[in-house]
Amino acid sequence: MEKFRMKPFLHRPNLCVVVPGSKSITNRALMIAALADGTTTLKGVLFSDDSRVFMDALKTLGFSLDVREEEAVVKVTGCGGQIPRREASVYVGSAGTAARFLTAMLALSGGTYEMTCSGQMKARPMRPLLEALELLGVQFLYREEPYAFPFLIRGREEMSHMEAIPLNIDKSSQFLSALLLAGVLRKDGLRIRLTGTRDARSYVGITMKMMQEFGAHVQICRKDEYEVLPGQAYQGDNLVGSPGGREYQIEPDVSAACYFYAMAAINGGRAQVQYVHPDSSQGDIRFLDVLQQMGCSWKDTPEGIVLDGPADQVLSGGEFVMSDCSDQTMTLAAIAPFAEGPVIIRGVSHIRLQESNRIEAIVAELTRLGISCQELEDGIRIEPGNPRGTEIQTYRDHRMAMAFAVLGTRAPGVVIDNPLCCQKTFENYFELLTNLDLSLLL
């Protein structure tokens with residue numbers, strides 16, 4: 001499927017959908033389970049390009065995985081903090097999570113590993129993480145550009161010790177998550193001191209929560225210092241909250257859920273995403289508060305959160321700091337033209353360095369739609385307007401494709417180019433849009 005022609009809703013929709021498991025939690029769970037002792041059963045696993053890359057990498061490293069895709073289950077047999085193969089060539093594709101997490105894990109394991117990736121991943125930031133690992137005694141041989149993929153890792157059994165490793169996460173909080181997750185491999189623990197200005201750490205909160213659920217001791221020592229205490233390996237056999245279990249349930253992907261909530265918002269309809277609840281550990285749950293500020297209302301139910309868009313289909317404008325749910329920047333930008341006033345998005349300068357230059361891409365596609373917008377130093381200002389039909393370029397970026405499809409549920413004539421790029425995280429997204437059950441209309 002090279003292009004997908006959107007069909008606007010003819011009536012106010014009443015949506016009820018199930019979304020895949022969280023990419024962020026899936027990849028963290030895969031890594032923790034591999035480093036734990038014994039077999040861990042992961043349920044609700046996301047199957048997508050990114051998660052498959054992570055699973056294939058673990059298999060390449062010698063880990064045993066029993067993959068049951070039709071059941072969304074993966075059983076991972078960990079080796080108690082040991083990597084079965086001390087030498088290997090590992091491919092991470094375009095998966096930023098896999099690239100950062102596996103680099104830290106392999107660097108602190110003491111082996112020798114060749115790391116390769118897609119052309120897209122070569123351009124994404126790695127330097128702060130690699131510099132921190134160098135301070136811990138790891139050596140890198142860069143095959144092309146310094147401090148970028150591809151490279152050879154030469155780990156050391158006895159790492160250098162520092163009181164606190166300096167780390168800048170302004171370009172990605174994944175650098176911090178990677179070091180925390182891999183920190184259990186160091187016998188004397190690991191302390192990290194943040195040196196940048198970014199204060200958006202919702203994904204780091206997910207990392208710490210999951211580490212604690214698997215028995216590791218990780219803590220915030222002070223505002224800008226994090227510590228993994230020594231001798232705290234992951235416990236595959238005794239997960240917190242699952243006595244004798246070895247089972248871990250992965251939350252639904254709130255990032256994916258937000259697209260359907262946004263569809264309801266701009267069409268004056270209702271959307272329920274099953275199994276998504278306010279206590280989710282994922283930062284994108286805060287996007288519901290953004291929608292509420294724009295005139296929507298939502299409530300939790302036993303089946304999942306239900307959101308109602310304003311009956312007059314008019315959203316309020318305003319200024320929104322999206323640093324804790326920056327993956328929804330594209331979603332907010334896609335619904336902004338339907339607001340009654342300007343929408344100003346702040347706190348997202350780092351998204352210029354993700355799968356695409358997302359700020360530049362948003363401005364280009366809104367302009368193509370005939371919407372007036374302005375790029376800001378840390379975000380975008382978007383004026384209200386009536387989007388015209390056009391073909392949306394997606395820049396091989398799954399979130400651009402899925403977010404601008406939301407706009408196409410109200411604006412006629414929208415065509416999404418290269419919709420299959422959404423396979424990175426939500427491979428049946430456009431199939432789901434085609435098959436939405438709209439028999440119940442408000």
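Predicted model: local features only at pLDDT ≥ 70, side-chain atom pairs only at ≥ 80, totals over all residues.
Q: How do S18 and strand S19 run, parallel or antiparallel?
A: Two strands count as paired if DSSP finds at least two bridges between them. Here four bridges join S18 to residues 343-346 of S19, and these strands run parallel.

Q: Which are the edge strands of the open sheet of four strands?
A: The sheet has mixed pairing and the order S18-S19-S21-S20. An edge strand pairs on one side only, which holds for S18 (318-321) and S20 (373-376).

Q: How many degrees does the twist average from one strand to the next?
A: Axes are lines fitted to C-alpha atoms (for helices over the stretch in contact), and angles run from 0 to 180 degrees between N-to-C directions. From one strand to the next, the twist averages 15 degrees.

Q: About what angle does the direction of helix H11 make with that of S20?
A: Helix H11 (residues 358-368) packs on the sheet, where it touches S20 and strand S21 (379-382). Its direction and that of S20 make an angle of about 170 degrees.

Q: Which residues in helix H5 are buried?
A: Buried means under 20% relative accessible area, exposed means over 50%, and partly exposed lies in between (1.4 Å probe, protein chains only). Among the elements that cover the buried residues of H5 are helix H3 (96-107) and helix H6 (174-182). In H5, which spans residues 127-135, the buried residues are Pro128, Leu129, Leu130, Ala132 and Leu133.

Q: With which residues is Met105 in contact, leaving aside its neighbours within four places in sequence?
A: Met105 is one of the residues with the most contacts inside the largest nonpolar core, which has 82 residues. Such a core is a set of buried Ala, Val, Leu, Ile, Met, Phe, Trp, Tyr and Cys residues joined through side-chain atoms within 4.5 Å, and contact means heavy atoms within 4.5 Å. Beyond those sequence neighbours, Met105 is in contact with Met31, Leu35, Leu58, Leu61, Ile83, Ala182 and Leu185.

Key: Residues numbered from 1 in each chain as written. Heavy atoms only, no water. Helix = DSSP H or I, 4+ residues; strand = E, 2+ residues; numbered from the N terminus.
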